[in-house]
Amino acid sequence: MASTGGVTVQTIVDIDLFELPLATFFPAASLAALEDERALFDGDHIDFARGMARLAIQSRLVRIDGKTILIDACVGEDKPRPMRPDWHERSGTGFLDRLAAAGCRPENIDMVFCTHLHADHVGWNTVLKSGRWAPAFPNARYLVGAAELAAAQKVFESGGAGSHGSFGDSVLPIVEAGLYTTISPGDEIAGGARVLEMFGHTRGQVGLELAQRGGPGLVLCGDAIHSPVQVSHPEWSSFVCEDPAQAAASRGRLLERAAGTDMLILPAHLRAAPAMRVTRSRGRFTPVFCDCAGTALV
C-alpha cells in the first residue's frame, strides 16, 4: 500500500501475468538492446529466454481528500472477448473479493477514473445483472477524458466496436445511466488530485497526479508507460498506440519531470513493484523500483 502526505494507494490485481512477445508489443524493441539491463528486467518484466514482455492488469485504489477513487477497471467478468481467450467470458476471478480485502466494497467507490477506454481498463465498469450490463460501482461518478470519450463515441456510432467491443458493454451503459463526467487536463477532481495530459497511446488518454505535502508526489500514468523498459528506451511505443510519436513525447515529458526527484510513477501494468522512481545518467533514464519499506510507500 502506498501512503504519502495523507494519500494512500493500493493495488487491486485482476490478472497477475499478461504476456506478449517483446518484438510484437514494442515493434522497435530488441532483446539485444536490453542486454546491459538484463539483471534489472529479467523475470518480472521480461522473460529473456522466451522473448516475452511481462505485465500485470490491475487497478489502483486511491484514497485522497476524503474520496475513494478506483483508477482503471481492468478486464472484468462475463465480457465477450473472443480475440483474447484469456479475457473471454471470465468468471470467478476474485477481483471484487480482493477489493473488499482492501477495505472497499463497490458501493464505497466515489469515482472511477478511466485513464483511457481500452478493454483492459474498463471491464469492471459494469457487471452482468439479469442479462443486462449494470454499473459495478453504483454510487460512483465515472470520469473519462473529454477527448477520449468523444473519439470512442465517434467510432461506435460509425459502426466500430471499439477496443474488443468494450464500448458497448463497459462504457455505453455508464453513459446511458448518466454516470459519466468528462474531464480535461488541469482539472482537479479532489483536493490534491489533478488530471494530466498523457495523449498518444490513445488520442485522449489522461493520467492523475497526486500531490504530496512538501514533495513531488505520485503520477498514475495509465499506459503512457506499459513496461519499465520504456524508461530506458522511451522511443519504444507499443503496437497499440494510436500515435506512437505522440506517445513517446508524452512519456519523455513525464520522465524529464521525474528524473532525479522523489516523484513516484505508477504505470498501470507495472508488475512486482508498486511504483518506480527515475534516475538519469549520461543522458539515459533508468527505472528504480520502489520496494516501499521505510519510504513514501509502506
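Asp14 counts as buried, with a relative accessibility of 6% (buried means under 20% relative accessible area, exposed over 50%, and partly exposed in between, using a 1.4 Å probe and protein chains only). This is a predicted model, in which local features need pLDDT of at least 70 and side-chain atom pairs count only at pLDDT 80 or more, while totals for chains, interfaces and linings use all residues. Residues are numbered from 1 along each chain as its sequence is written, and side-chain values use heavy atoms, with hydrogens and water left out.

You'll find Asp14 in strand 2, residues 7-21 (helices are DSSP runs of H or I with at least four residues, strands are runs of E with at least two, and both are numbered from the N terminus). What does the side chain of Asp14 reach at 3.0 Å? That would be the backbone nitrogen of Val75. The Asp14 side chain also makes a polar contact with the side chain of Arg90, at 3.1 Å (a polar contact is a pair of N or O atoms within 3.5 Å; within protein, one must be able to donate a hydrogen and the other to accept it, and residues adjacent in sequence count only if both atoms are side-chain atoms). Leaving aside residues up to four places away in sequence, Asp14 touches a set of residues that includes Ile57, Cys74, Phe95 and Trp124 (contact means heavy atoms within 4.5 Å).

## Salt bridges

There are 17 salt bridges in the structure (each one a side-chain nitrogen of Lys or Arg within 4 Å of a carboxyl oxygen of Asp or Glu). Take Arg194 and Glu209, whose closest N and O atoms are 2.7 Å apart. Arg194 sits in strand 12 (residues 193-197) and Glu209 in strand 13 (residues 206-212), so this pair ties together parts that are 15 residues apart in sequence. Arg194 is partly exposed at 35% relative accessibility, whereas Glu209 is buried at 9%.

Asp262 pairs with Arg277, with 3.9 Å between the closest N and O atoms. Arg277 counts as buried, at 18% relative accessibility.

Salt bridges with shared partners join Glu19, Asp47, Arg50 and Arg54 into one network. Within it, Asp47 bridges to Arg50, and their closest N and O atoms are 3.0 Å apart. Asp47 is buried at 15% relative accessibility, while Arg50 is partly exposed at 47%.

## Helix 5 against helix 6

The axes of helix 5 (residues 146-157) and helix 6 (residues 166-176) come within 12 Å and cross at roughly 120 degrees (axes are lines fitted to C-alpha atoms, for helices over the stretch in contact, and angles run from 0 to 180 degrees between N-to-C directions). Which residues make the contact? Helix 5 brings Leu149, Ala152, Gln153 and Phe156, and helix 6 answers with Phe167, Gly168, Val171, Leu172 and Val175.

## Out at Gly6

Gly6 is in the loop between strand 1 (2-4) and strand 2. At 60% relative accessibility, Gly6 counts as exposed. Gly6 and Arg280 are 274 residues apart in sequence, and their C-alpha atoms are 29 Å apart in space.
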